[in-house]
Amino acid sequence: MDTFIKLLEVIAKLAWPGIVIGIVVIFRPAVASIIESARSRKFTLKVGGQELTMDEASEQQRGLIADLQAQVVELGKRVEGSATPSEPALIARPEPTALPTNGILWVDDYPKNNSYFVEQFNDLGVKVDLALTTTEGIAKFSRRKYSVVISDMGRHEDGVENPDAGIDLLKAIRAKDAKVPFFIFCSTRGVRQHGDEARRLGVTAITSSPTELSGLLNLDELKAKA
């Protein structure tokens, strides 16, 4: 009975994404037709301040839906006790009681990847400052106070690839502020290769899942309070 109740709780929490997925499936032919028409006319969308082609927007949406579906499956397995988390991402989940009024610093050399997250924060009235390199991120953090810092892992910086850029930024930020929530949002490979070191250096969480990142940032709670 306890297992059944827990499963119902999981389903309840994920009900709205399920509805969204259902709508997408039902209207997929019509949406596909619109997207194909937009592609032929070379339309672009502005999301989170970034200019996305229809192909880029479509690819991001497919990725978000695929990740959400994978998270639902894994949560169900955890409730049944048949699986353990594939990534030990969370150290301590912050529980903010208000919007991050000091804004968010997001460091990523390809900010288009985070357009939908940035758009959600913009809708909440939360300012997101973007930085493309570790140096730029440190400079911005030194000039003002932020409520949250988010970074990818590998970045193209100063003409070369730096696979440890997220770790470098984490070290620099922790030298300045030991408590500011710091999230690393990177590939699954990045989590495997750098997860232990990031946790040792004081990262708040490291994950490759946009669904999990949304939960870590408490986006649902923030929307409810906005």
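**A walk along helix 7**

Start by selecting K176, which lies in helix 7 (helices are DSSP runs of H or I, at least four residues, and strands are E runs of at least two, numbered from the N terminus). You're looking at a predicted model, where local features need pLDDT of at least 70, side-chain atom pairs count only at pLDDT 80 or more, and totals for chains, interfaces and linings use all residues. Residues are numbered from 1 along each chain as its sequence is written, and side-chain values use heavy atoms, with hydrogens and water left out.

Next, click F141: its C-alpha atom is 9.0 Å from that of K176, although 35 residues separate them along the chain. Leaving aside neighbours within four places in sequence, K176 is in contact (heavy atoms within 4.5 Å) with I138, F141 and S142.

Now show residues 134–143, helix 6, together with residues 165–176, helix 7. Their axes (lines fitted to C-alpha atoms over the stretch in contact, with angles from 0 to 180 degrees between N-to-C directions) come within 10 Å and cross at roughly 20 degrees. That makes helix 6 roughly parallel to helix 7 (angles under 35 degrees count as roughly parallel).

Colour the residues that make this contact: T134, G137, I138, F141 and S142 on helix 6, and A165, D168, L169, A172, I173 and K176 on helix 7.

Conventions. Parallel < 35°, antiparallel > 145°, perpendicular 65-115°, else oblique.
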